[in-house]
Amino acid sequence: MKNAELIWHNGALKPWREATCHVSAHALHYGSSVFEGMRVYATPHGPAYFRLADHTRRLFESARIYEIDIGFGADEIDAACIDLIRANRLSSAYVRPIAFRGAAGLGVLARHDDPVEVAILALDWGAYLGDAIEHGADVCVASWQRPAPNTFPTWAKAGGNYLNSQLIGLEARRGGYAEGIALGSNGLLSEGAGENLFLVRRGRLLTPPTSAGVLAGITRDSVIALAGDLGIAVEERDLPREALYTSDEIFMTGTAAEITPVRSVDRKPVGTGTPGPVTRALQKAFFGLFDGVTPDTRNWLTPVCADVAEREAA
């Protein structure tokens with residue numbers, strides 16, 4: 001990864017090294033942060049955010065669940081995201097807005113008047129799982145499970161939630177896998193350490209429901225919509241572990257992972273062991289949004305610059 005030179009922090013752009021927080025920050029001790037992962041893609045008309053408003057909306061929803069007062073409006077966060085890309089003169093990027101409880105007391109329960117800090121940083125970050133996006137990832141089923149309902153809210157994209165993801169990912173890495181897949185507390189399929197999960201069986205696209213301890217992913221939602229455009233039947237349903245070993249295709253989705261095929265699970269090949277036709281068709285439709293092949297009928301793209309002339313003059 002390569003960091004952009006400037007970060008938006010508490011309402012102002014500042015050099016990367018100056019965007020700091022205190023070691024007593026509540027979020028550092030207790031995980032009280034909410035964040036988003038967004039991507040800016042290089043398009044024929046200049047850099048553009050993918051589903052910027054939807055990501056910002058989820059950021060505010062996550063903050064509402066944890067009673068974190070972001071202190072800025074959604075429009076201000078959107079504008080700051082755009083300003084950040086312009087100021088750093090980036091044509092593409094992975095962007096991370098985060099709101100977190102700052103330095104105050106060390107009690108577990110933060111007070112409503114404790115400070116909240118907000119930052120947005122941009123990275124030059126390629127495919128999350130490397131060349132797996134082309135050739136497929138080798139994954140395993142983790143021994144760590146996703147939390148049971150009513151333990152903590154998995155719909156919130158909160159920093160503390162990702163301790164569970166780290167355990168899943170660490171176990172996978174030790175076993176020589178690219179990623180781990182978690183089961184829910186009921187023993188049924190949930191999601192990857194940082195990705196939603198899709199299976200293809202007999203031409204139908206299957207995915208665990210958002211009640212299965214998964215993050216309601218924006219890329220997940222995009223894939224479901226694109227599948228409908230392609231006439232691919234989609235079913236959100238509970239799925240047993242053995243569905244992983246009997247599927248024709250499997251892929252994972254996320255802002256970082258985009259659409260990453262899975263070529264094996266627990267060293268058992270998926271289908272032919274290569275990315276299948278449904279996965280490839282959805283990849284083509286998804287990435288086609290950014291090169292102009294797929295029409296942006298849902299207005300998912302938000303230009304960073306109004307037009308090419310403005311981009312060149314910036």
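Q: Buried means under 20% relative accessible area, exposed means over 50%, and partly exposed is what lies in between. In this predicted model, why does Asp 266 count as buried?
A: The relative accessibility of Asp 266 is 18%, and the limit for a buried residue is under 20%, so Asp 266 counts as buried. Asp 266 is placed in the loop between strand E16 (258-265) and strand E17 (268-269), and its phi is near 55°, a positive value in a residue other than glycine.

Q: Why does Arg 89 count as exposed?
A: Its relative accessibility is 62%, and exposed means over 50%, so Arg 89 falls in the exposed class. Arg 89 follows helix H3 and lies in the loop between H3 and strand E7 (93-101).

Q: How do you know that the span of helix H3 (residues 74-88) agrees with what its 15 residues should give?
A: At 1.5 Å a residue, the 15 residues of H3 should span 21 Å, and the end C-alpha atoms are 21 Å apart, so the two values agree. The buried residues of H3 include Ile 77, Asp 78, Ala 80 and Cys 81, and Ile 82, Leu 84, Ile 85 and Asn 88 are buried in this helix as well.

Q: How do you know that helix H6 (residues 218-229) also has a span that agrees with its length of 12 residues?
A: Those 12 residues should span 16 Å at 1.5 Å a residue, and the end C-alpha atoms of H6 are 17 Å apart, which is taken as agreement. Among the buried residues of H6 are Ile 218, Arg 220, Val 223 and Leu 226, and what follows the helix is Gly 231, whose phi is positive, near 75°.

Q: Why is Arg 57 called partly exposed?
A: The relative accessible area of Arg 57 is 44%, and partly exposed covers values in between the buried limit of 20% and the exposed limit of 50%, so Arg 57 is partly exposed. Arg 57 lies in helix H2 (residues 52-65), and its C-alpha atom is separated by 9.9 Å from that of Glu 36, which is 21 residues apart from Arg 57 along the chain.

Q: What makes the protein as compact as a globular protein of its length?
A: The secondary structure of the protein comes to nine helices and 18 strands. Its radius of gyration is 20 Å, close to the 20 Å that the globule rule gives for 314 residues, so the protein is as compact as a globular protein of that length. Buried residues make up 50% of those 314 residues, and of the contacts between residues at least 6 apart in sequence, 71% join residues at least 24 apart.

How values were computed
Residues are numbered from 1 along each chain as its sequence is written. This is a predicted model: local features need pLDDT of at least 70, side-chain atom pairs count only at pLDDT 80 or more; totals for chains, interfaces and linings use all residues. Side-chain values use heavy atoms; hydrogens and water are left out. Helices (H or I, at least four residues) and strands (E, at least two) are DSSP runs, numbered from the N terminus. The radius of gyration is taken over C-alpha atoms; the globule rule is 2.2 Å times the number of residues to the power 0.38. Buried means under 20% relative accessible area, exposed over 50%, partly exposed in between (1.4 Å probe, protein chains only). Contact means heavy atoms within 4.5 Å. The expected span of a helix is 1.5 Å times one less than its number of residues.
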